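Hi there,

Here is the structure I promised to pass on to you.

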Amino acid sequence: MKMKDTTRRSVRFLFSIRRYLIFFLLMAFVITCCMILFLNMMTRATGFELTQKYIEQAAKVTFLNVALLSLLCTVIDGIRRRIMVKRPVKRIVSAAEQIMKGDFSVRIPSLRSADKMSGFDVIADYFNQMAEELSGTETLRTDFIANVSHELKTPLAVIQNYGTLLQQPSLSEEKRQEYAKAITNTSRRLANLITNILKMNKLETQQIYPKAETYELGEQLCECLLAFESAWEEKDLEIETDVEEEVLVDTDAELLSLVWNNLFSNAVKFTEPGGTISLSLKAEGEFAIVRVSDTGCGISSEVGKHIFEKFYQGDTSHAAQGNGLGLALVKRVIDIVGGDISVSSEVGKGSTFTVKLRREPDGAS
C-alpha cells in the first residue's frame with residue numbers, strides 16, 4: 001500500500017495539470033509577444049523593401065525582447081522561490097537545529113504553501129510526528145533512569161547499613177547472622193533487579209527473537225509451579241490446580257517461562273501464610289486460557305490500570321519485596337508472542353491473572 005502511495009505521489013510530482021497550465025500560459029505569452037513584435041516590424045516595410053539589414057534589425061529587437069521577458073521571469077521565479085522554498089526550508093532547518101540541541105518540544109507550524117505539490121507540508125507533518133516520538137522516548141528514558149537510580153539506591157543503602165552494623169565488635173552471634181542474612185537477601189534482590197533490567201532492555205530493543213516450538217502448555221506450567229514448592233511450603237500455602245492435558249501451543253517456551261515464573265512468584269509473595277494459590281488451564285475454542293489466582297492482598301482498580309508499567313508499585317507496603325519490573329516483563333513477553341493478559345482483583349480478597357494464548361489444533365504434533 002505504501003509503495004502504491006509513493007508511486008502515485010511520484011507521478012503527481014512529475015506531471016501536474018496545474019503546473020502544465022501555468023507553463024503553457026507563460027510560454028504562450030512569451031512566444032506571442034515575440035511574434036507580435038517581429039511581425040509588427042516586418043509589416044512596417046512594404047513591397048520589396050524587406051532588406052537583409054532590416055530583417056537583422058527586427059531579429060535583434062526580438063532577441064532583446066526575449067532577453068527582457070526572460071529577466072522578468074527570472075525575477076518572478078526568484079521571488080517565488082524565496083517565498084515558497086527558502087522560507088519553508090529555513091523553518092525546517094531551524095526546527096532541526098532545535099532538535100539537535102535536545103529541545104524535542106519544537107514543532108513546525110503548517111506552512112500552507114501555495115504549491116501543495118512542493119511537499120513541504122508533508123515534510124513538516126512527518127517532522128512533527130518524529131519530534132513527538134522523540135519527545136516521548138526522551139521522557140521514558142528520563143523516567144527510566146530516575147526509577148533505576150532509585151531502585152538501585154535503596155538496596156545499596158540497606159547493604160551499607162547492615163555492613164556497618166556487622167563491624168560492631170560487641171555484636172552478638174544471633175544479630176550477626178540476622179544482619180548477614182539481610183545483606184544476602186538484599187544482594188539477591190539487587191541481582192534480580194539488574195537481571196530484569198537487562199531482560200527488559202533486550203525485549204524492548206528486540207534483541208530477543210521468539211523461537212517457536214510446539215509443546216504441551218500444562219506440563220510447562222506444572223514444572224514452573226513446582227519450582228516454588230519450597231516457598232509455598234514455608235508459608236503453608238494451599239495449592240489448587242485444574243490443568244487440562246494435551247493443550248498444545250506453538251510459541252517460545254523460554255520466553256513464556258518468564259511469564260509463569262513471575263506470576264507464581266508474585267502469588268507466593270503477596271499471599272499471607274495459610275492462603276491459597278490456584279492454577280487453571282482450559283482450552284476454549286482456538287485459545288488456551290491460563291488463570292493464576294491467589295488470596296493475597298489484592299489491588300484496587302486504579303492500581304490495576306498501571307500494574308504492567310515499568311517500576312510501578314501500587315502497594316508501597318510491599319515495596320521491599322519487588323522492583324516493579326516483573327509484570328512489565330510479563331506484559332512485554334505476552335505482546336511478543338501475540339497473546340493477551342488481564343487482571344481482575346479486589347482489595348483484601350486476592351487477584352486473578354488471565355493469560356490468553358492461541359493454541360494448536362487437537363492432534364498437532
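Predicted model: local features only at pLDDT ≥ 70, side-chain atom pairs only at ≥ 80, totals over all residues.

Strands in a sheet pair through backbone hydrogen bonds, and they can do so in parallel or antiparallel fashion. Here you will find an open sheet of five strands with mixed pairing, in the order β2-β4-β5-β7-β6. Which strands stand at the edges? They are β2 (238–243) and β6 (340–346); each has a single partner strand, so one side of each has no neighbour in the sheet. From one strand to the next, the twist averages 10°.

You can follow one pairing in detail. β2 and β4 (residues 276–284) run parallel and are joined by six bridges. For example, Asp242 has Ser280 in β4 as its bridge partner. Helix α6 (residues 217–226) packs on this sheet, where it touches β2, β4, β5 (287–294) and β7 (350–358). The direction of α6 makes about 170° with that of β4.

Now for a pair of helices. To describe two packed helices, we give the angle between their axes and the distance between the axes. For α6 and helix α8 (residues 253–269), the axes come within 9 Å and cross at roughly 45°. That angle makes α6 oblique to α8, and the crossing is right-handed. On the α6 side, the contact is made by Leu217, Gln220, Leu221, Cys224 and Leu225. On the α8 side, Ala253, Leu256, Ser257, Trp260, Asn261 and Phe264 take part. What kinds of residues make up this contact of α6 with α8? Eight are nonpolar, three are polar and none is charged.

Next, the aromatic rings. A search of the whole structure turns up two aromatic pairs. One of them is formed by Tyr162 and Tyr179, with 5.4 Å centre to centre and 45° between the planes, and it is tilted. Tyr162 lies in helix α4 (residues 120–166) and Tyr179 in helix α5 (residues 173–204), so the pair ties together parts that are 17 residues apart in sequence.

Finally, take a look at Glu286, in the loop between β4 and β5. Glu286 and Lys356 are 70 residues apart in sequence, while their C-alpha atoms are 9.9 Å apart in space. Leaving aside neighbours within four places in sequence, Glu286 is in contact with Leu357, Arg358 and Arg359.

Enjoy exploring!

Best wishes

How values were computed
Residues numbered from 1 in each chain as written. Heavy atoms only, no water. Pairing = 2+ DSSP bridges. Helix = DSSP H or I, 4+ residues; strand = E, 2+ residues; numbered from the N terminus. Axes fitted to C-alpha atoms, helices over the stretch in contact; angles between N-to-C directions. Contact = heavy atoms within 4.5 Å. Parallel < 35°, antiparallel > 145°, perpendicular 65-115°, else oblique. Left-handed = near helix turned anticlockwise from the far one by under 90°. Nonpolar A, V, L, I, M, F, W, Y, C, P; charged D, E, K, R; others polar. Phe/Tyr/Trp six-rings, centres within 6.5 Å; stacked < 30°, edge-to-face > 60°.
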